Amino acid sequence: MLKKEQNDLVCATGPGTPMGQLFRSYWLPVLHADDLPENECPPVRVKILSERLLAFRDTQGKYGLIDEFCAHRGVSLWFGRNEENGLRCPYHGWKYNTEGQCIEVPSEAPESGFCQKIKLKSYPLVKRGPVLWAYMGPPEKQPPLPEWEFAMVPPEQVYVSKRWQECNWLQAMEGGIDSSHVSFLHRGDLGHDPLFKGAKGNEYNLKDMRPVFEVVESEGGLYIGARRNAENGNYYWRITPWVMPCFTMIPPRADHPIHGHFWVPMDDENCWAWSYDFHPTRALSEREVNDMKEGLGIHCKYVPGTFRPAANKDNDYLMDRAAQKAGRYYSGIAGFAIQDSSLQESMGPICDRTKENLVSTDNGIIMARHRLMRAAKALVDKGVTPPGIDPEHQKVRSASIVLKPEQAFKDAAKDALTSQLGKSHATV
Ligand code: FES
Ligand SMILES: [Fe+2]
């Protein structure tokens, strides 16, 4: 449970808020590299941390992320003409470069120097792996580029999708930390989904419905360990890393690609659920990539031409009561992604955490919330650099592993929980 002031603090990420300042300390995923496929391609609207921005790629291939609206009289530059190293507003022809600098005002004589005085807000936007990342904080604090393993492996080893989720980012991310829901909400899919099925770990998952949770701090966030009974008195551990502010990684199953998420606020009542799948040592197979494109695993199908899931709140997420009764889908909703989004959106646009009744399986969530609030306060009050910015903090892995009962997971699985490019991962 949180007090109302705490809930307000941790959910609000607009400009000038403490959590907004925290988020603006990191490189955040904002677009697929494919969204800007070539030089002078159409610009793309980006809403992130309650700011309305526009991304474009100029004649030289430079990426820009600038204020969406023209400095003249506020027209959306989404209508702009992407031509000769700049984006030109179609209303009166003012032109801007990727840094937001106005480089031409046709109505004014160039000697007047008028256009040099006009500059739109702009943020650096860079490609790393299959994603374009933005940094929206003070330029003097810009951190090194991110080194998440999914963004560092060769391109044939990774697949990334994003979907619009219609609720605050935190309740979405809390689903990524809370692995206790897997034995319930997703149980019907563990045995069927081609990107999950066939793992020995699934049997442990389904047999032991009372996992014991153990959460330990990592440099950048937390490792959330869920312990279930295996054979001969041993324990099956599923270990989920959370790295500040909004990165989670699902423990692997057999030789399937590893799945995980980034939960990025669009505004306080909407977020982007980024979903990545990568394999540390091999290319994804054609079948795997096709399944991901079809919306299987942690991905989803869309309303055509949008990133809104086809199953959404306007159609009750295509609830199937017969499948719920038969146990095919525990909640009656198909697919991991929509099983999660339907329930998280049902909490309301911003979950009221003053009314919760938390139990021991919620320890990871409790610790993550407090770590976020502590880091935001330390940043705002004392300028302390938050955890998770240092690329070393980002070199984490999830793991599923069988350990002897006397072994503490944080020591016994230490290697397995550290990403090592090109090395295989620990999975059951
Ligand atoms: S509103 Fe953009 S040039 Fe006039
Ligand atoms: Fe889930």
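Just after helix 9, Gly-348 adopts a positive phi of about 100°. The model is a predicted one, and the values discussed below are computed from its atoms.

**Helix 9 and its surroundings**

Helix 9 spans residues 336–346, and nine of its 11 residues are buried, so this helix is largely enclosed by the rest of the structure. The buried residues of helix 9 are Phe-336, Ala-337, Ile-338, Gln-339, Asp-340, Ser-341, Ser-342, Gln-344 and Glu-345. Among the elements that cover these buried residues are strand 12 (158–165), helix 4 and helix 5.

Because His-186 lies in the loop between helix 4 (169–177) and helix 5 (187–190), whereas Asp-340 belongs to helix 9, the pair ties together parts that are 154 residues apart in sequence. Both His-186 and Asp-340 are buried.

**Packing of helix 1 on helix 10**

Elsewhere in the model, helix 1 (residues 4–11) packs with helix 10 (residues 363–382) at an angle of about 75°, and the axes of the two helices are 10 Å apart. An angle from 65 to 115 degrees counts as roughly perpendicular, and helix 1 is therefore roughly perpendicular to helix 10. On the side of helix 1 the contact is made by Gln-6, Leu-9 and Val-10, and on the side of helix 10 by Arg-369, His-370, Leu-372 and Met-373. Sorted by class, the residues in the contact of helix 1 with helix 10 are four nonpolar, two polar and one charged.

**Backbone features in loops**

Two residues other than glycine have a positive phi: for Asn-232 the value is near 50°, and for Ala-254 it is about 45°. Asn-232 sits in the loop between strand 14 (221–229) and strand 15, while Ala-254 is placed in the loop between strand 16 and strand 17 (258–267). With a relative accessible area of 76%, Asn-232 is exposed, whereas Ala-254, at 26% relative accessibility, counts as partly exposed. A further backbone feature is the peptide bond from Met-244 to Pro-245, which is cis with omega near -5°; Pro-245 lies in the loop between strand 15 (235–243) and strand 16 (247–249).

| Pair | Separation in sequence | C-alpha separation |
|---|---|---|
| Phe-278 and Cys-167 | 111 residues | 27 Å |
| Ser-50 and Gln-142 | 92 residues | 20 Å |
| Lys-414 and Arg-397 | 17 residues | 9.9 Å |

Phe-278 lies in strand 18 (residues 270–278), and with a relative accessible area of 0% this residue is buried. When neighbours within four places in sequence are left aside, Phe-278 is in contact with Glu-149, Phe-150, Val-153, Gln-157, Val-158, Met-249, Pro-257, Ile-258 and Leu-284.

Ser-50 is located in the loop between strand 2 (44–48) and strand 3 (51–57), where, at 30% relative accessibility, Ser-50 counts as partly exposed. Leaving aside neighbours within four places in sequence, the contacts of Ser-50 are with Gly-14, Pro-15, Met-266, Asp-267 and Asp-268.

Lys-414, finally, is found in the segment after helix 11 (409–412), and its relative accessibility of 56% makes Lys-414 count as exposed.

Methods:
Residues are numbered from 1 along each chain as its sequence is written. Chains are lettered from A and ligands numbered from 1 in the order in which they are written. This is a predicted model: local features need pLDDT of at least 70, side-chain atom pairs count only at pLDDT 80 or more; totals for chains, interfaces and linings use all residues. Side-chain values use heavy atoms; hydrogens and water are left out. Helices (H or I, at least four residues) and strands (E, at least two) are DSSP runs, numbered from the N terminus. Buried means under 20% relative accessible area, exposed over 50%, partly exposed in between (1.4 Å probe, protein chains only). Axes are lines fitted to C-alpha atoms, for helices over the stretch in contact, and angles run from 0 to 180 degrees between N-to-C directions. Angles under 35 degrees count as roughly parallel, over 145 as roughly antiparallel, 65 to 115 as roughly perpendicular and the rest as oblique. Contact means heavy atoms within 4.5 Å. Ala, Val, Leu, Ile, Met, Phe, Trp, Tyr, Cys and Pro count as nonpolar, Asp, Glu, Lys and Arg as charged, and the others, Gly among them, as polar.
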